[in-house]
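Thanks for coming. I have one structure to go through today, so please have a look at it before I start.

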Amino acid sequence: MSDMRTETDSLGPIKVPADAFWGAQTQRSLENFPFPPHQRMPLQIVHAQATVKQAAARVNRSHGLDTKLAHAIEAAAEAIRRGEHDDQFPLTIFQTGSGTQTNMNVNEVIAGIANEALSQTRGGKEPVHPNDHVNKSQSSNDSFPTALHIAALLDARETLLPSLERLHRALAAKSQSFEKLVKIGRTHTQDATPLTLGQEFSGYAAQIDSCRKRIEDSLSRDLAALAIGGTAVGTGLNAPERWSADMVEQINAITGEAFRPADNTFEQLAAKDGLVSFSGTLNTLAVALNKIANDIRLLASGPRSGLGELSLPANEPGSSIMPGKVNPTQVEMLTMVAAQVIGNHQAVTVGGMQGQFELNTFMPLIGSNVLRSIELLAIGMDSFSSRCVEGIAANEDRIAELVDRSLMLVTALAPEIGYDNAAKIAKHALANGQTLKEAGLELDLVDAETFDRLVRPQDMV
């Protein structure tokens with residue numbers, strides 16, 4: 001056991017790897033929750049916890065914490081935020097529902113780094129104590145949910161919103177380039193009246209823009225409010241006056257964001273409605289992406305036996321047995337992403353229901369699933385934009401052919417000859433393999449001049 005050292009906590013001594021910065025509580029959690037590495041707490045949450053600890057060191061210094069200790073804590077927290085010690089955070093998502101073990105993991109690693117810097121001894125609780133100094137004026141119950149909000153908001157701004165904007169630009173550009181291309185519309189998957197391909201794509205662009213606005217609104221309304229200052233149950237026990245406001249001021253100085261103290265810390269500890277609401281905007285985005293991607297999949301079906309109105313970029317061979325086959329793989333990727341995000345939101349919803357009395361106890365699950373959804377959506381949309389949407393081409397001859405064959409152009413005749421007579425023309429044309437004009441003339445329900453004047457697809461959009 002020469003490569004181990006002994007650390008202690010309130011339960012007694014425990015062996016810890018000699019080269020680890022963490023202490024006894026991290027080690028106990030590591031042993032008690034033996035999930036594989038891919039189930040680790042997201043590093044975004046760890047880095048956000050370090051942001052809270054860095055801010056706390058600054059504020060605690062102003063309330064009497066020894067300057068040398070405060071500087072050492074802040075330097076260690078800053079190093080963690082930069083990703084210099086990512087291997088020191090091995091704990092799983094599936095731990096205590098308050099995130100206490102991850103909070104203590106961060107506290108212990110910061111103390112370990114600070115103590116090595118100050119005393120050249122790794123580990124221990126002297127001169128920096130993980131609870132008394134790093135966690136001073138905090139509880140896991142307010143610092144961990146604060147970290148969840150910080151992590152989700154920063155991740156959304158840095159990755160999700162840029163990908164959303166790229167997809168919106170790509171769809172809007174296609175809408176503009178297709179603005180004069182008249183095609184047949186479809187409702188209930190059946191032929192309907194015409195529109196332009198540009199109008200169809202404008203709907204997709206508008207969906208994405210609406211999703212962006214919902215997300216941005218939720219970021220400022222739901223995630224910018226921080227629980228810090230509530231300590232154990234929302235009362236702020238063991239925290240000095242103005243602690244919440246001073247902490248938020250320092251967090252904003254570190255992150256460059258505009259967080260604010262929560263209006264009610266009891267709500268922020270007992271419920272995770274803000275994260276559930278934000279996850280709902282990600283769920284709505286997933287629903288929109290699934291709709292858009294499936295439309296593009298169907299419009300590009302073929303190339304000879306489907307609708308064939310669009311051609312998608314050929315990114316890779318589509319079959320191991322059918323030579324020359326190309327599949328809409330970016331569509332398939334994005335719709336799988338959508339399915340996973342919808343599943344993540346279901347887990348977040350169930351997690352949000354688990355607020356017994358003064359504390360929600362599903363916080364690690366809620367936070368990790370929100371971050372997973374952000375990551376999947378950001379990567380998925382960026383790839384879909386660059387490898388699919390930006391390379392979409394319209395098959396104009398096929399589009400014109402389908403417009404000319406559509407029976408629903410008869411709608412333009414209804415104001416002139418009546419709904420029932422127009423329906424007779426459509427049914428007769430379908431039954432006899434005729435054009436609408438041929439059927440109308442044969443039934444003597446419209447003359448050629450009236451038909452040619454009214455049935456003009458370019459005037460029906």
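First, the ground rules. This is a predicted model, in which local features need pLDDT of at least 70 and side-chain atom pairs count only at pLDDT 80 or more, while totals for chains, interfaces and linings use all residues. Residues are numbered from 1 along each chain as its sequence is written, and side-chain values use heavy atoms, with hydrogens and water left out.

Helices and strands here are DSSP runs numbered from the N terminus: H or I of at least four residues for helices, E of at least two for strands. Axes are lines fitted to C-alpha atoms, for helices over the stretch in contact, and angles run from 0 to 180 degrees between N-to-C directions.

Start with helix 6, residues 140-177, and helix 10, residues 273-299: their axes are 12 Å apart, at an angle of about 20°. That makes the two helices roughly parallel; the cut-offs are under 35 degrees for roughly parallel, over 145 for roughly antiparallel, 65 to 115 for roughly perpendicular, and oblique for the rest. Contact means heavy atoms within 4.5 Å. On the helix 6 side the contact residues include His-149, Ala-152 and Leu-160, and on the helix 10 side they include Phe-278 and Leu-285. By class, this contact has eleven nonpolar residues, one polar and none charged. Nonpolar covers Ala, Val, Leu, Ile, Met, Phe, Trp, Tyr, Cys and Pro; charged covers Asp, Glu, Lys and Arg; the others, Gly among them, are polar.

Helix 10 also packs on helix 11, residues 329-352, where the axes come within 8 Å and cross at roughly 155°. These two are therefore roughly antiparallel. Their contact has 14 nonpolar, eight polar and two charged residues.

Now the rings. How many aromatic pairs does a search of the whole structure find? It finds three. Rings of Phe, Tyr and Trp (its six-membered ring) pair if their centres lie within 6.5 Å, with planes under 30 degrees apart called stacked, over 60 edge-to-face, and the rest tilted. Phe-178 and Phe-201 have ring centres 5.5 Å apart and planes at 75°, so they are edge-to-face. Phe-178 sits in the loop between helix 6 and strand 3, and Phe-201 in helix 7, so this pair ties together parts 23 residues apart in sequence. Phe-201 also pairs edge-to-face with Tyr-204, with centres 5.2 Å apart and planes at 70°.

Is Tyr-204 buried or exposed? It is buried, at 3% relative accessibility; buried means under 20% relative accessible area, exposed over 50%, and partly exposed in between, using a 1.4 Å probe and protein chains only. Phe-178 and Phe-201 are buried as well.

Back in helix 6 we find Ser-163. Ser-163 is buried, at 6%, and touches Ala-378, Met-381 and Asp-382, leaving aside residues up to four places away in sequence.

Last, the backbone. Most residues other than glycine have a negative phi, and most peptide bonds are trans. Here, a cis peptide bond joins Glu-126 and Pro-127, with omega about 0°, and another joins Gly-302 and Pro-303, with omega about 10°. Thr-231 has a positive phi, near 50°, and is buried at 3% relative accessibility. Phe-357 has a positive phi near 60°, but is exposed at 71%.
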